[in-house]
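Please keep the sequence and the model in view while reading.

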Amino acid sequence: MEASRYTGASYRILIATAVQAERNAILQALPYHARERYEVIIVGVGPASAAAETAAHLALHSDEYGLVISAGIGGGFAPHAPIGSIVLADQMIAADLGSETPDQGFITVDELGFGHSTLQSDRSSTQTVAAALQAATIPVHVGSVLTVSTTTGSAETTTALLQRIPNAAAEGMEGFGVAVAANLFDLPVMELRAISNTVGPRDRDSWRIPDALKSLGQATRILAEVL
Ligand SMILES: O=C(O)c1cccc(C(=O)CC[C@H]2O[C@@H](n3cnc4c(=O)[nH]cnc43)[C@H](O)[C@@H]2O)c1
């Protein structure tokens, strides 16, 4: 969706996080002058909660906003998204929304004719933030961000996802849900993931959540300078 209602300083920006730790990292990083411009809400873990909570907030306040951002930590697909780096979505894909079949593999809801599993990020905001992060020498990659209801935890699933979506850069559990809500209110949307772990065989001990939250804060500081 084009940023038709996003006309710079006159609109506020809604940031949706899954958990309190992500909200805190963002709030602590927002420069003082930007604090009135941003609202940071917790929408819970998973696409259903994220869609419902974001829509509930927008039902009361959508006129205030010109942009919605799904932000938080996420899993990164090698080699594009190492731990500590930032991924910005060019599109948000509900990667497990479809049907598994014995003979044709996974079929998306789009192919089944039941709806859409891909939503576009606001291109202009995404490019602006990507350029600003690059200029600040923060490692950033723009690619597809997958939304899953189950975190990927095996080499087989990782390979299958990459075969279906070769430019997958990161995985989270909320982006598509936040985007569905933003679309409902005709608002542009983007997604930012600070990488805490590599997508692959589950190894919770290797998750670097404090590093990712620090990156999330650094990215927020830059984002607030340009949006
Ligand atoms: O335990 C903590 O201190 C803590 C702090 C911040 C966030 C968390 C979470 O567990 C948030 C869950 C959140 O993480 C996203 N995420 C992270 N890695 C992945 C992944 O590999 N695949 C899918 N989602 C991932 C996700 O968006 C969850 O909402 C804990």
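Q: How many aromatic pairs does the structure hold?
A: The model shown here is a predicted one. For rings to pair, their centres have to lie within 6.5 Å. Under that cut-off, the number of aromatic pairs that the structure holds is 0.

Q: Which residue lies over the face of W207?
A: A charge counts as sitting over a ring if, among other conditions, it is within 6 Å of the ring centre. For the ring of W207 the distance from the ring centre is 4.5 Å, and the residue over its face is R204.

Q: Which elements each supply at least two residues of the lining of the largest pocket, and which one has the largest share?
A: The largest pocket has a volume of about 490 Å³. Of its 28 lining residues, the closest to the centre are I73, T151, S196, N197 and W207. The elements that each supply at least two residues to this lining are α1 (20-29), β3 (65-76), β9 (168-172), β10 (189-198) and α7 (209-226). The largest share, 4 residues, comes from β10.

Q: How do the residues of the lining of the largest pocket divide into nonpolar, polar and charged?
A: Gly is counted among the polar residues in this division, while Asp, Glu, Lys and Arg are the charged ones. On that basis, the lining of the largest pocket divides into 11 nonpolar, 10 polar and 7 charged residues.

Q: Which element gives the most to the lining of the second largest pocket?
A: The second largest pocket has a volume of about 300 Å³, and of the 15 residues that line it, the closest to its centre are D96, F106, T157, L161 and R164. Two or more residues of this lining come from each of β5 (98-101), β6 (105-108) and α5 (155-164). By class, the lining has 5 nonpolar, 7 polar and 3 charged residues. The element that gives the most, with 4 residues, is α5.

Q: At what distance from the ring centre of F106 does R164 lie?
A: Both F106 and R164 are among the residues closest to the centre of the second largest pocket. R164 lies over the face of F106, and its distance from the ring centre is 3.8 Å.

Q: What is the distance between a nitrogen atom of the ligand and an N or O atom in the side chain of E171?
A: The ligand is surrounded by 17 residues, of which the closest are E171, M173, E174, R193 and N197. A backbone N or O atom of G75 lies 3.3 Å from a nitrogen atom of the ligand, and a polar side-chain atom of R193 lies 3.2 Å from an oxygen atom of the ligand. For the side chain of E171, the distance from an N or O atom to a nitrogen atom of the ligand is 2.6 Å.

Q: Which element gives the most to the lining of the largest cavity?
A: The count comes to 1 cavity of 30 Å³ or more, and the largest cavity has a volume of about 40 Å³. I15, I26, I69, A71, L192, L216, T220 and L223 line this cavity, with two or more residues coming from each of β3 and α7. By class, the lining has 7 nonpolar, 1 polar and no charged residues. The element that gives the most, with 3 residues, is α7.

Q: Where is the place of P79?
A: The peptide bond that runs from A78 to P79 is cis, with omega near 0 degrees. As for its place, P79 is in the loop between β3 and β4 (86-94).

Q: Where is the place of T137?
A: T137 is a residue other than glycine with a positive phi, near 55 degrees. Its place is in the loop between α4 (123-135) and β8 (140-147).

Key. Residues are numbered from 1 along each chain as its sequence is written. This is a predicted model: local features need pLDDT of at least 70, side-chain atom pairs count only at pLDDT 80 or more; totals for chains, interfaces and linings use all residues. Side-chain values use heavy atoms; hydrogens and water are left out. On a 1 Å grid over the protein atoms alone, a cavity is a set of points where a 1.4 Å probe fits but cannot get out, and a pocket is an open set with protein on both sides within 12 Å along at least five of seven lines; lining residues have an atom within 4 Å of a point. Grid points are joined across faces, edges and corners, and a volume is the space filled by probe spheres set on the points. Rings of Phe, Tyr and Trp (its six-membered ring) pair if their centres lie within 6.5 Å; planes under 30 degrees apart count as stacked, over 60 as edge-to-face and the rest as tilted. A charge sits over a ring if NZ of Lys or CZ of Arg is within 6 Å of the ring centre and within 35 degrees of the ring normal. A residue is near a molecule or strand if one of its heavy atoms lies within 4 Å of it. A polar contact is a pair of N or O atoms within 3.5 Å; within protein, one must be able to donate a hydrogen and the other to accept it, and residues adjacent in sequence count only if both atoms are side-chain atoms.
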